[in-house]
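This report goes through one structure part by part. Have the sequence and the 3D view at hand while reading.

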Amino acid sequence: MKIAITSVGQDLESKIDARFGRAKWFIVIDTETNQHQVISNEHNLNISQGAGIQTAENISRHNVEAVITGNCGPKAFTTLNSAGIKVYSAVDGTVAEVLEKFKNGKLKQAGGANVEGHWA
Amino acid sequence: MKQKLTIAVASGKGGTGKTTVSASLACAAADTGHKTAYMDCDVEEPNGHLFLKPTINYRHMVGIPVPVVDQDKCTACGLCGEICQFSAIVCVNKNVLTFDKMCHGCGGCSLVCPTEAITEHSRNFGVVETGDCGNNLKFCHGKLDVGEIHSPPLIEAVRETAQGEDLSIVDASPGTSCPVVAAIKGVDYVLLVTEPTPFGVNDLEIAVDMVKELGIPHGVVINRSVPEHTLARDFCRDNNIKILVEIPDDRRVAEAYSKGELPYKGVEGYRELFKELIDTIIEEAGR
Ligand code: SF4
Ligand code: SF4
């Protein structure tokens with residue numbers, strides 16, 4: 001399956017980015033082959049509202065089944081949910097470490113937004 | 001005074017006594033024989049009514065049109081999400097999601113939708129109340145519903161509702177962001193209320209830039225003025241801005257305020273001060 005991890009850099013050794021909507025990069029990884037692809041989210045960094053929604057939309061274009069990130073607000077969660085994408089929470093570590101944890105079933109699936117939206 | 005006049009009272013920050021000044025000014029205007037409307041455009045936290053104690057006799061809801069999508073007609077083309085500047089509508093996985101609270105009601109999405117899947121429904125986000133404060137003084141304010149963020153349309157509604165009197169006093173919200181611009185856009189004169197503290201003057205500077213940008217004639221009221229604090233005075237002199245009046249730092253004003261009383265009504269000497277102020281403003285605005 002394909003998953004996306006929010007990342008502060010462009011390779012597997014980068015730290016994960018805990019902020020979903022304001023993450024600079026996404027690493028999209030195929031968990032069977034370990035092949036990965038780097039997706040830029042830079043165009044959503046500076047928009048004044050709806051960064052989470054736009055980021056979720058951006059990710060949904062890459063046919064991933066799950067997203068691993070730190071904090072995901074209610075609107076981003078709703079959007080991901082609607083796109084059929086599951087959200088898993090991870091707070092720190094590198095992309096590679098988080099990926100390992102995910103493969104070993106060590107990450108918890110988020111049942112809802114885990115931070116308040118900026119406008120809520 | 002020949003033509004109708006709208007005067008806005010603004011301040012770069014909260015707590016400068018803006019409401020006391022604008023409400024007092026409204027009373028002074030009414031008492032000097034002008035048919036006056038006081039409009040509280042600080043819709044996130046209106047408090048003019050606490051001092052003016054109006055009888056409210058009319059209220060109406062204010063809403064904006066938000067999109068509702070008929071999923072049967074929708075072909076998931078995604079155009080609506082592309083046009084929306086506010087991320088209030090987005091198409092993912094053949095579903096269209098809408099986030100009403102983020103929608104500015106621009107109508108763009110329903111315009112671009114090729115299949116007419118989008119209709120507009122009104123969503124209320126605040127209320128405008130109008131009333132009377134007795135002789136010559138009409139009252140109007142807007143109250144934004146809890147959790148709402150877009151105050152400009154409500155502010156515009158307040159201003160539209162109360163227009164028509166000879167003299168309108170607009171109480172703008174503190175700061176220099178969109179709501180303030182909505183409150184002072186197109187007025188004839190802006191009264192900037194400040195304090196002679198470094199913070200006060202710093203915010204005054206920003207507020208002055210804003211009114212200059214908007215091209216509105218303006219003057220300054222220094223509130224809680226202390227003779228030896230010259231910061232605000234110096235700033236106005238250096239920038240060629242007229243100080244219309246300095247209201248002294250007076251215990252009695254604070255005491256009146258804490259009782260929900262205007263200095264205009266409750267403290268000796270202030271009736272004259274505000275009557276003079278309104279005359280000065282009319283003269284300045286008329287130039
Ligand atoms: S009406 Fe305008 S702001 Fe609202 S969802 Fe449609 S395009 Fe976006
Ligand atoms: S523009 Fe109309 S048809 Fe296209 S996704 Fe939006 S609602 Fe559906």
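This is a predicted model: local features need pLDDT of at least 70, side-chain atom pairs count only at pLDDT 80 or more; totals for chains, interfaces and linings use all residues.

At 67% relative accessibility, A:Lys108 is classed as exposed. Residues are numbered from 1 along each chain as its sequence is written, chains are lettered from A and ligands numbered from 1 in the order in which they are written, and side-chain values use heavy atoms, with hydrogens and water left out.

**A strand residue in chain A**

A:Lys108 belongs to strand E6 (residues 108–109) of chain A. Helices (H or I, at least four residues) and strands (E, at least two) are DSSP runs, numbered from the N terminus. Setting aside neighbours within four places in sequence, A:Lys108 is in contact with A:Val87, A:Tyr88 and A:Ser89, where contact means heavy atoms within 4.5 Å. The C-alpha atom of A:Lys108 is 8.0 Å from that of A:Ala90, and the two residues are 18 apart along the chain.

**Salt bridges**

A salt bridge is a side-chain nitrogen of Lys or Arg within 4 Å of a carboxyl oxygen of Asp or Glu. The count over all chains is 15.

| Pair | N to O distance |
|---|---|
| A:Asp17 and A:Arg19 | 3.3 Å |
| B:Asp171 and B:Lys18 | 2.7 Å |
| B:Glu156 and B:Lys185 | 3.8 Å |

In the chain A pair, A:Asp17 is buried, with a relative accessible area of 5%, whereas A:Arg19 is partly exposed at 46%.

B:Asp171 and B:Lys18 form a salt bridge. This pair joins distant parts of the chain: B:Asp171 is in strand E8 (residues 167–171) and B:Lys18 in helix H1 (residues 18–31) of chain B, 153 residues apart. Both B:Asp171 and B:Lys18 are buried.

The other chain B pair in the table is B:Glu156 with B:Lys185. B:Glu156 sits in helix H5 (residues 152–162), and B:Lys185 in the loop between helix H6 (178–184) and strand E9 (189–194), 29 residues apart. B:Glu156 is partly exposed at 33% relative accessible area, and B:Lys185 is partly exposed at 45%.

Chain B also has a network of salt bridges that links B:Arg59, B:Glu129 and B:Lys143.

**Where the chains meet**

How many residues does each chain give to the contact? Chain A gives 14 residues and chain B gives 14 residues. The area buried between them is about 1200 Å², with 64% of it from carbon and sulfur atoms; buried area is the accessible area (1.4 Å probe) that two parts lose on being put together, summed over both. Zero salt bridges are counted between chain A and chain B.

**Ligand surroundings**

A residue is near a molecule if one of its heavy atoms lies within 4 Å of it. The residues around ligand 1 include B:Cys84, B:Cys103, B:Cys106 and B:Cys109. The shell of ligand 1 divides into eight nonpolar, four polar and no charged residues. Around ligand 2, the residues include B:Cys74, B:Cys77, B:Cys80 and B:Cys113, and that shell has nine nonpolar, three polar and no charged residues. Here Ala, Val, Leu, Ile, Met, Phe, Trp, Tyr, Cys and Pro count as nonpolar, Asp, Glu, Lys and Arg as charged, and the others, Gly among them, as polar.

Conventions: Buried means under 20% relative accessible area, exposed over 50%, partly exposed in between (1.4 Å probe, protein chains only).
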